[in-house]
Amino acid sequence: MQLSSYQDLRTELISRRITCEKVVLDYLERIDRHRDDNIYITVFHEQAVEKARELDKKLNEGGVPGKLFGMPMAIKDNISIKGAGLTCASRILENYESVYDATAVRRLEDEDAVFLGKTNMDEFAMGSSNENSAFGAVPNPFDKTRVPGGSSGGSAAAVAAGLALTALGSDTGGSVRQPAGFCDIVGLKPTYGRISRYGLVAFASSFDQIGVLARNCDDASLVLGIMAGKDEHDATSSHRDVPDYMADMAAVKVDGLKIGVPKEYFHESLNREVGEIVRAKLNELRDKGAELVDITLPESDYAIAAYYILVTAEASSNLARFDGARYGYRSSRAEDVLAMYVNSRTEGFGKEVKRRIMLGTYVLSAGYYDTYYKKAQQVRRVFQDRYREALEKVDVIAGPTSPFPPFSIGEKMDDPLEMYLADVFTVPASIVGMPAVSVPVGMDSRNLPVGMHLICDFFEEGKLMGIARHLQRR
């Protein structure tokens, strides 16, 4: 049984017209039929069915169903579930099992969500196409010769292909939003600190956030509301109270809405059809009473450069723990401790991860720290100031999610700089830590999805999703 929203599914479950076990078995059967698509790394066949049976028993015995009762979910394989594999799609963690639950996972389980399995991803969340995986690439459900985006490409493909109702991903520079745009679904990155990072394997700690992928804004907001909130295990999680996101969404009206449209987002290199579809959708809102406000963000050209200096620096530090000594892969070619470190990392890490570790080590090294890393931090502060100034004048900043539609598998693998540009519109929100979402707004002439990217001020997820719901292609 496949329904388009959780509310529809919940109605069927609570009325007992269908059981959780039946829903889970249907999803698992579809997942098994699509194993060749490489979307899941691990499938929880026994655990998911057992959980579903427990939920059916709970309901039959008069128990109160949780807010996510029976929701079939997928989890990106860099988020911890106790006793399950935690590979980060890397050979270096291929046989590692997590020893604890991520806070986000525990909160979802407490509200009766059902986890179907762990999804494929770019290794250690480093990539924009889901091709940098030790387990192989994931195809886009709309065209299997093309990529689903990355690094949360497996989670996005699972939702788009009907192999999960919702999914968790991680977003460092666009890794939830960009694949959502490529797969015609909603991808939400909350404000930095809104969701605990406890149990999320670190890539770049001052950027990383757990995000939500769903078929609609209501489901994404519902899942966000369950995960959000202060966590004693994560000092960077916010003390701010968690609002009623569904009520905040419902309060958003199109009439009088001010939408900032940066001229820098519609430059000559933007794919023509992508630009036309996004503009047309914005014009629809204008015709309904919204005001389109031309704004300028003059430092936008520096976003990718600053971002990759900062995240590679943090990655070089965070990934130092994978040394073959404490956990994970250890090379058999280790005559001494130094050889064990070198060979384990050389054999265990993939090409893109090695590239980013080397770049990060370089920008932090003596003689280059001030020239690159310090300067990039200064640029980051300028971005924060510019986006705050812009959002004092408008309710939301809007533009394309990606400068081009989903590209062919292998097309950009030999050109890292071209690959990095896939995130050019999503990176700024990550630099400043503001909430952002990609919402599907149309299909191009080749029937490839086009997403629109929205940014709101800190902790305005309710307003952000309310605006996205008005925009979402029906």
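A polar contact is a pair of N or O atoms within 3.5 Å; within protein, one must be able to donate a hydrogen and the other to accept it, and residues adjacent in sequence count only if both atoms are side-chain atoms. Keep that handy for the first exercise.

Some ground rules before you start. The model is predicted, so local features need pLDDT of at least 70 and side-chain atom pairs count only at pLDDT 80 or more, while totals for chains, interfaces and linings use all residues. Residues are numbered from 1 along each chain as its sequence is written, and side-chain values use heavy atoms, with hydrogens and water left out.

**Exercise 1. Find out what surrounds Ser 221.**

Solution. 
- Step 1: locate Ser 221 in helix α7. Helices (H or I, at least four residues) and strands (E, at least two) are DSSP runs, numbered from the N terminus.
- Step 2: check the accessibility. Ser 221 has a relative accessible area of 2%, so it is buried. Buried means under 20% relative accessible area, exposed over 50%, and partly exposed in between (1.4 Å probe, protein chains only).
- Step 3: look for a polar partner. A polar atom of the Ser 221 side chain lies 2.9 Å from the backbone oxygen of Cys 217.
- Step 4: list the contacts (heavy atoms within 4.5 Å). Leaving aside neighbours within four places in sequence, Ser 221 touches Tyr 245, Met 246, Met 249 and Met 465.

**Exercise 2. Work out which side of helix α1 its buried residues are on.**

Solution. 
- Step 1: pick out the buried residues of α1 (residues 6-14), which are Tyr 6, Leu 9, Arg 10 and Leu 13.
- Step 2: take their arc, meaning that of the directions from the helix axis to the C-beta atoms. The arc is only 100 degrees, so these residues are on the same side of α1.
- Step 3: see what they pack against: α2 (20-33), α3 (45-60), β2 (72-76) and α7 (217-227).
- Step 4: go just past α1, where Arg 16 has a positive phi of about 65 degrees.

Now compare that with α5 (residues 153-160), where 7 of the 8 residues are buried. Among the elements that the buried residues of α5 pack against are β1 (40-43), β4 (166-171) and β6 (209-214). After α5 comes Gly 162, with a positive phi near 75 degrees.

**Exercise 3. Describe the largest nonpolar core and the place of Phe 124 in it.**

Solution. 
- Step 1: recall the term. A nonpolar core is a set of buried Ala, Val, Leu, Ile, Met, Phe, Trp, Tyr and Cys residues joined through side-chain atoms within 4.5 Å.
- Step 2: get the size. The largest core has 147 residues, and Tyr 40, Leu 108, Phe 124 and Leu 454 are those with the most contacts inside it. Helix α10 (residues 303-318) gives the largest share, 10 residues. A second, separate core has 6 residues, including Val 147 and Phe 182.
- Step 3: zoom in on Phe 124, found in the loop between β3 and α5. At 3% relative accessible area, Phe 124 is buried.
- Step 4: name some of its contacts. Not counting residues up to four places away, Phe 124 touches residues including Cys 88, Ile 92, Phe 203 and Val 353.
- Step 5: check the backbone. Most residues other than glycine have a negative phi. Phe 124 isn't a glycine, yet has a positive phi of about 50 degrees.

**Exercise 4. Classify two aromatic pairs by distance and angle.**

Solution. 
- Step 1: learn the rule. Rings of Phe, Tyr and Trp (its six-membered ring) pair if their centres lie within 6.5 Å; planes under 30 degrees apart count as stacked, over 60 as edge-to-face and the rest as tilted. The count comes to 16 aromatic pairs.
- Step 2: Tyr 362 is partly exposed at 38% relative accessible area, and Tyr 372 is partly exposed at 31%.
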